[in-house]
Structures are given as structure tokens and as C-alpha cells.
Amino acid sequence: MSGHGTPIPMTSSPCGPLTGTAPVPGDKSISHRALILGALSIGETRITGLLEGDDVLDTARAMRAFGATVTDHGGGAWSVQGVGVGGFAEPDGVIDCGNSGTGVRLIMGAMATSPITATFTGDASLNGRPMGRVTDPLALFGAHAVGREGGRLPMTIAGAHDPLPVRYTVPVPSAQVKSAVLLAGLNAPGETIVIEHEPTRDHTERMLSGFGAEITVEDTDEGRIITLQGQPELQAQQIAVPRDPSSAAFPVCAALIVPGSDVLVPGIGLNPTRAGLFTTLRDMGADLTYENERIEGGEPVADLRARYSPDMQGISVPPDRAASMIDEYPVLSVVAACARGVTDMQGVKELRVKESDRIDAMAQGLRACGVIVDDGPDWWRVHGLGAGGVPGGATVASRLDHRIAMAFMVLGMAAQQPVSVDDGRPITTSFPIFEPLMADLGAQLSRSGA
Ligand code: S3P
């Protein structure tokens, strides 16, 4: 698990062109869901391309603790022998979800309608994040949560003995909350209905349908209405996890800002609920193309080609696009710093409750690197310095946040002076091969401070 032991400072120095192919790891969101739904189904689910980052490995351990048999066959191939809906056993020990909000929130949902009790904890970042957004709707099913002040971990959940189905409107745009309610709804009798005003990533809905659940999604004036019939018998599946667009964002954005670059990122999941960054980059004038578009395992996939784009312009990112690129604002702000003009990002309050307060982490780090950034409660603005215009030359706190660490490593590749982070270890939560993959393309990364 990240966050334990001694920090490892990392430095990224200005480099020559980034070229070649960047096979980034499997999708983190889909990997968590494949393990959890595999554990809740009957039979053996076989998964290929699973992300073997700390976050997902913590979820695999948790599924074992709830009674599933989870086996690593090597090379991203895993199998899960499920216990069926309602079949979770009570874990003996505390469930440690490390750095992963997705892991803990989805697993809480999955166990909340079984008559078992489990205690959850995580690292310092996860233990500071709000869980009330999940435990509030889980209480409607009949589950009881006791945690620290402000609904923080460590927290114990006593699952409902006689769960009731729920109709719930998600108050914040969050796929984790939506998914926790749907997973809880699996073991409640009757229809569980979730309504979201802003569409968020829909991997849970797609995968539930793939496992044989009766689930419908309607777009209405009230929002997206998702209806799940409780107590299905989920059937084990074969799941090929596409490569993660949120990880692809790092080599793609690096290629756009390092002179002479031309990088191909193959087999990227381009589910419309995830692809907002790439639309935004194209709106800014990025030379970014989709090749070989196809459907794989029910998800749209393409190869992305990104080439150096010295003429990018800042834009106002439409707030209704935020949910489809919520994890990509840190690296977008790095591209924005290297574009001309101002990039305005509104309606992004959720960034303040991620692995870190990402607006503050990026604003402070970018300022230390010579970039002007304005910010408010739910917005921020980056004043671009144009291609080659960012001074760099600073050490930035990564705040136990993988995406902050990787965003500043990307900035170092295109800044005038190297950029360092105080601790690069969080990167292994989502992108364990970041250093060798970026080095193969031509990046100059070292494990030491500036
Ligand atoms: C995720 C949902 C998002 C995202 C996270 C993964 C998921 O979080 O930021 O990295 O897999 O459901 P929120 O639900 O908090 O928006």
C-alpha cells in the first residue's frame, strides 16, 4: 500500500521528443468493479488486463476477506470464484482500502445489505475523505455506520438484516455514490432506483447488465433514472479490461507539450462518460486523433495518437463536461500552463475532496513553477505561458495523490527547469509502470529530489 514508509522524491527534467507506443495499464474503475461483481456472482469470473495497482490489489484482498476466492494467474489475468448476491461472509479483520475512495465506497455498498459487520480503514488521505455521501443512502436500506467525526474512516458498517429497496437522488455528481447504492440494491428485494442529474461514469450499470442483472437506464427531464431489480442471480463473466483513459492522459498530455513528440496510446477505453479530457484538448487545438475505433467488451475503444501541439489556446471548459473528465483536471492544468491564454475551469467543487484537494495542490505547485493561477471554492483559472514558457525549477508536495505526482512529472518534461515532487510513491496506486513507460518514450525521470 502507498503512503507507508519513507517518501521517495522524484524529479522530471526537460527532455527531447517523446516517441513510440505507450501501453498504459488497465482501467482502474473497471478493475474494481470486475473484482467486486465477480465476487457477487455464481461461478468463476475470468479477468484479463486487470490493473495491478495498489488500489485494485487492496480491493482484491478485500474480496477474499468477504469470502470470494481471488487468484492471480500472472500478466494481468485473474479469476474470481464468487459467493453470489447476499453471500458475503463477515471478515475476520479490518478491511484496509489503502488510498482508494472507489474501493472503500463500492465495497461498503456491496456489503451493506447483508447481515454482517465490517470495519474499514485506509491511508491518511482516504481517512480524511467524506464517507457520509455513501453511508447516508446506505442507511435508507437499513445499514448502520459508526465512524469518526465528519463521517470519516475508520468506520464500521453493520449491514441491514432485512434490507429495504431505495429510491435515491444522488446529491453530488459521483459514480462512487451511485455505484454504492446500486451494489447495495443487489441484495434488497424489489426495485432500487437511483437518479443522477449529471451523468457520471456508467461502468457499474454496463457491467451489472453484463452479469445478467435486470437494469434499465432512462434519460428524462428529472435526470438519468437507473432502475435495478433486486436479488438477481449474477452469472460469472469473462472481462477484458480496456486500458485506462485516465492513465493515458499522462503520456498524451506529455506528448502535446514536449517539442517534436509523437506518441501512440493503444486500446484506450473511450466511454463517453470518461472521454471529456480528449474533447477538451482538441477544443484547445491539440493534434490528437482517434485511430482504429472499435467496441471491446461492451466499451468503446480506440488508439490515441498525440503529437506536439505548440499552438494550443486556453478555453473555458464547459462545466457540464466536468464529470466526464473529473480525474483529468490536474494534468489538464499542466497543458493549460503550456498553452496561450487563460483556461477557465468551473463547476469543479468535487476536486476539493479527491485523494487531495486537487485545486489547491495544483494551484500551489503551478505557482511555485512560475504559473499564475486563480482559484475559488468550485473553480480555478490557469494563465498559460505558451509553449516552452513555464519556468519550473520547484519541488511540489504530492499530498499522497498519484495524479498530482504524475501531473508535475509531466510538467517537468516541458518546463525550462526540472520539476520535483516530494514523494512519488502514490503513483503505484493507479499507474505502477509510469516510470519505465515514460522513460521508454524518452522522459528523464529520476528518483531523487532536485
Ligand atoms: C470513480 C469515480 C470518481 C473518480 C474516481 C473513480 C469510480 O469519483 O474520481 O477516480 O470508479 O466510480 P467520484 O465518485 O467521487 O466522483
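Trainee: What should I keep in mind before I start?

Mentor: This is a predicted model, so local features need pLDDT of at least 70 and side-chain atom pairs count only at pLDDT 80 or more, while totals for chains, interfaces and linings use all residues. Residues are numbered from 1 along each chain as its sequence is written, and side-chain values use heavy atoms, with hydrogens and water left out.

Trainee: Let's take the sheet. What is the strand order in the open sheet of four strands?

Mentor: Terms first. Strands (E, at least two residues) and helices (H or I, at least four) are DSSP runs numbered from the N terminus, and two strands pair if DSSP finds at least two bridges between them. Here the order is β10-β11-β13-β12, with mixed pairing. β10 (167-169) and β12 (215-220) stand at the edges with a single partner strand each, so one side of each has no neighbour in the sheet. From one strand to the next, the twist averages 15°.

Trainee: How many bridges join β12 and β13?

Mentor: Six, in the antiparallel sense, with β13 covering residues 223-229. Ile215 stands opposite Leu228 in β13.

Trainee: And which helices go with those strands?

Mentor: For angles, axes are lines fitted to C-alpha atoms, for helices over the stretch in contact, and the values run from 0 to 180 degrees between N-to-C directions; contact means heavy atoms within 4.5 Å. Helix α5 (residues 175-185) lies across β10, β11 (191-196) and β13, and runs at about 175° to β11. Helix α6 (residues 203-210) packs on the sheet too, touching β11, β12 and β13, and its direction makes about 145° with that of β12.

Trainee: Which residue takes a positive phi in the hairpin of β8 and β9?

Mentor: Gly150, with phi near 75°, in a hairpin that has three residues between the strands. β8 (residues 144-148) and β9 (residues 152-158) pair in the antiparallel sense over four bridges, and His144 has Ala158 in β9 as its bridge partner.

Trainee: Now charges. How many salt bridges does a search of the whole structure find?

Mentor: A salt bridge is a side-chain nitrogen of Lys or Arg within 4 Å of a carboxyl oxygen of Asp or Glu. The search finds 35. One of them joins Asp244 and Arg274 at 3.0 Å, N to O. Asp244 lies in the loop between β14 (238-240) and α7 (245-257), and Arg274 in the loop between β15 (262-269) and α8 (276-283), so the pair ties together parts 30 residues apart in sequence.

Trainee: Is Asp244 buried or exposed?

Mentor: Buried means under 20% relative accessible area, exposed over 50%, and partly exposed in between (1.4 Å probe, protein chains only). Asp244 is buried at 2%, and Arg274 is buried at 3%. For an exposed case, take Arg447 at 52%: Arg447 forms a salt bridge with Glu435, with the closest N and O atoms 2.8 Å apart.

Trainee: What is the nearest side chain of opposite charge to Glu328?

Mentor: Lys and Arg count as positive, Asp and Glu as negative, and His and the chain ends are not counted. For Glu328 that side chain is Arg403, 4.9 Å away; Glu328 is buried yet has no salt bridge. Glu328 is found in the loop between β18 (316-317) and α9 (329-337). Leaving aside neighbours within four places in sequence, Glu328 is in contact with Ser246, Ala249, Arg274 and Leu277.
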